[in-house]
Amino acid sequence: MNAPGKRAEDAAAAFLQKNGFEILARNFTVRGAEIDIVAREKGCIVFVEVKASFTRSAAHGAPRERVTPAKQRRIGMAALLYLQRYALYDTSVRFDVVEVFPQSIVLLRNAFVFQPPIEKN
C-alpha cells in the first residue's frame with residue numbers, strides 16, 4: 001500500500017475508534033479482495049472501505065464514487081468469507097465507507113447493501 005493510502009487508513013481507524021468502534025482487523029485479504037477495516041459497533045460487524053481525496057478539488061468526484069458496484073461485490077464476497085472464517089453466522093452486518101479529506105473525515109453508514117449470489121442446484 002502506498003504511504004498516502006496507509007495514512008488515510010490509519011486516520012480512518014483512529015476516527016472510528018474515537019467514535020466507539022472496536023477495530024477487529026485491518027487489510028483483511030482473501031481471494032484477491034481486501035476489506036480495509038473490519039470493526040464492531042454495538043454488536044454489529046462493520047466492513048469499512050476507506051477512500052481518500054488528497055486535494056480540495058471536486059474535479060474527480062467524491063471518494064465514495066470510487067466504490068463501484070464491482071468493488072462492492074468484491075468487498076461483499078470477502079465479508080462473507082470473514083464471517084464464515086470466524087463463525088459469525090447470526091451477527092448483523094453493515095457496509096460503511098469512510099472518506100478521508102485533507103481537513104475532515106466523513107463516515108457514510110450503510111453506504112451500500114450487498115446481496116450475495118444465489119446458488120443454483
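Is Arg-31 buried or exposed? I looked this up before anything else. Arg-31 counts as exposed, at 74% relative accessibility. The scale I used calls a residue buried under 20% relative accessible area, exposed over 50% and partly exposed in between, with a 1.4 Å probe and protein chains only.

**Ground rules.** I am working with a predicted model, where local features need pLDDT of at least 70, side-chain atom pairs count only at pLDDT 80 or more, and totals for chains, interfaces and linings use all residues. I number residues from 1 along each chain as its sequence is written, and side-chain values use heavy atoms, with hydrogens and water left out.

**The sheet.** I followed the strands next. Helices (H or I, at least four residues) and strands (E, at least two) are DSSP runs, numbered from the N terminus. I found 5 strands in an open sheet, ordered β1-β2-β3-β4-β5, with mixed pairing. Two strands pair if DSSP finds at least two bridges between them. β1 (22-30) and β5 (105-108) each have a single partner strand, so one side of each lacks a neighbour in the sheet. From one strand to the next, the twist averages 30°.

**Two pairings.** I checked β2 (residues 33-41) against β3 (residues 44-52). They run antiparallel and are joined by 5 bridges. Ala-39 has Val-46 in β3 as its bridge partner. I then turned to β4 and β5. These also run antiparallel, with 4 bridges. They make a hairpin with 4 residues between them. Val-97 stands opposite Leu-108 in β5.

**The helices.** I looked at what lies on the sheet. Helix α1 (residues 3-18) lies across β1, β2, β3, β4 (93-100) and β5, at about 145° to β1. Helix α2 (residues 69-85) touches β1, β2, β3 and β4, and its direction makes about 110° with that of β1. Contact means heavy atoms within 4.5 Å. Axes are lines fitted to C-alpha atoms, for helices over the stretch in contact, and angles run from 0 to 180 degrees between N-to-C directions.

**Glu-49.** Where does Glu-49 sit? I found Glu-49 in strand β3. Glu-49 is buried, with a relative accessible area of 3%. Leaving out residues up to four places away in sequence, Glu-49 touches Glu-34, Asp-36, Val-67, Lys-71, Ile-75, Asp-96, Val-97 and Val-98.

**Positive phi.** I ended with backbone angles. Most residues other than glycine have a negative phi. Arg-31 is not a glycine, yet its phi is positive, about 50°. Arg-31 is in the loop between β1 and β2. Ala-87 also has a positive phi, near 50°. I located Ala-87 in the loop between α2 and β4.
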